[in-house]
Amino acid sequence: MNLQEYYKHYLSLHQNVWCRRLHVCGQFATILFVVFCLKINLWLLLLAPLVVYPFAWSGHYFFEKNKPAAFRHPIKAKISDWIMFYQWLKGDIKR
């Protein structure tokens, strides 16, 4: 499955608006964490990919009632997360 096909599947796992909102909050938290790390401690950057997960996983648990995509395809899921974030910011995905 290429990334474009995977992204369509990824979006099917994120139909609930509150799940998507939690993902967006997690992406903003990740950005803030990276800025913090750049000022305080570069070694903490190793944890940056993990910042989004408490937000995202709670969205799946409480609203979508499904398993996060990161369990099966972590790299494609992370890339898809950022694509969804970008599309959400542009208004291409319902907020």
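Which ring does the charged end of Lys-78 sit over? In this predicted model, the ring belongs to Tyr-53, and the charged end of Lys-78 lies 4.6 Å from its centre. Arg-21 does something along those lines with Trp-18, lying over the face of the ring. Here are the two side by side:

| Charged residue | Ring | Distance to ring centre |
|---|---|---|
| Lys-78 | Tyr-53 | 4.6 Å |
| Arg-21 | Trp-18 | 4.4 Å |

On to the helices. H2 covers residues 17-40 and H4 covers residues 74-90; they pack with their axes 10 Å apart and at an angle of about 100 degrees. Angles of 65 to 115 degrees count as roughly perpendicular, so that is the label for H2 and H4. On the H2 side, the contact is made by Arg-20, His-23, Val-24, Gln-27, Phe-28, Thr-30 and Ile-31. H4 brings Asp-81, Trp-82, Met-84, Phe-85, Trp-88 and Leu-89 to the contact. Sort the residues of this contact by type and you get eight nonpolar, three polar and two charged.

Now for rings meeting rings. The count of aromatic pairs comes to eight. One of them joins Tyr-61 and Phe-62: their ring centres are 4.9 Å apart and their planes sit at 85 degrees, so this pair is edge-to-face. How open are these two residues, buried or exposed? Tyr-61 counts as exposed because its relative accessibility is 60%, and Phe-62 is exposed too, with a relative accessible area of 52%. Elsewhere in the chain, Tyr-6, Tyr-7 and Tyr-10 are linked into a cluster by ring pairs.

Methods
Residues are numbered from 1 along each chain as its sequence is written. This is a predicted model: local features need pLDDT of at least 70, side-chain atom pairs count only at pLDDT 80 or more; totals for chains, interfaces and linings use all residues. Side-chain values use heavy atoms; hydrogens and water are left out. Axes are lines fitted to C-alpha atoms, for helices over the stretch in contact, and angles run from 0 to 180 degrees between N-to-C directions. Helices (H or I, at least four residues) and strands (E, at least two) are DSSP runs, numbered from the N terminus. Angles under 35 degrees count as roughly parallel, over 145 as roughly antiparallel, 65 to 115 as roughly perpendicular and the rest as oblique. Contact means heavy atoms within 4.5 Å. Ala, Val, Leu, Ile, Met, Phe, Trp, Tyr, Cys and Pro count as nonpolar, Asp, Glu, Lys and Arg as charged, and the others, Gly among them, as polar. Rings of Phe, Tyr and Trp (its six-membered ring) pair if their centres lie within 6.5 Å; planes under 30 degrees apart count as stacked, over 60 as edge-to-face and the rest as tilted. Buried means under 20% relative accessible area, exposed over 50%, partly exposed in between (1.4 Å probe, protein chains only). A charge sits over a ring if NZ of Lys or CZ of Arg is within 6 Å of the ring centre and within 35 degrees of the ring normal.
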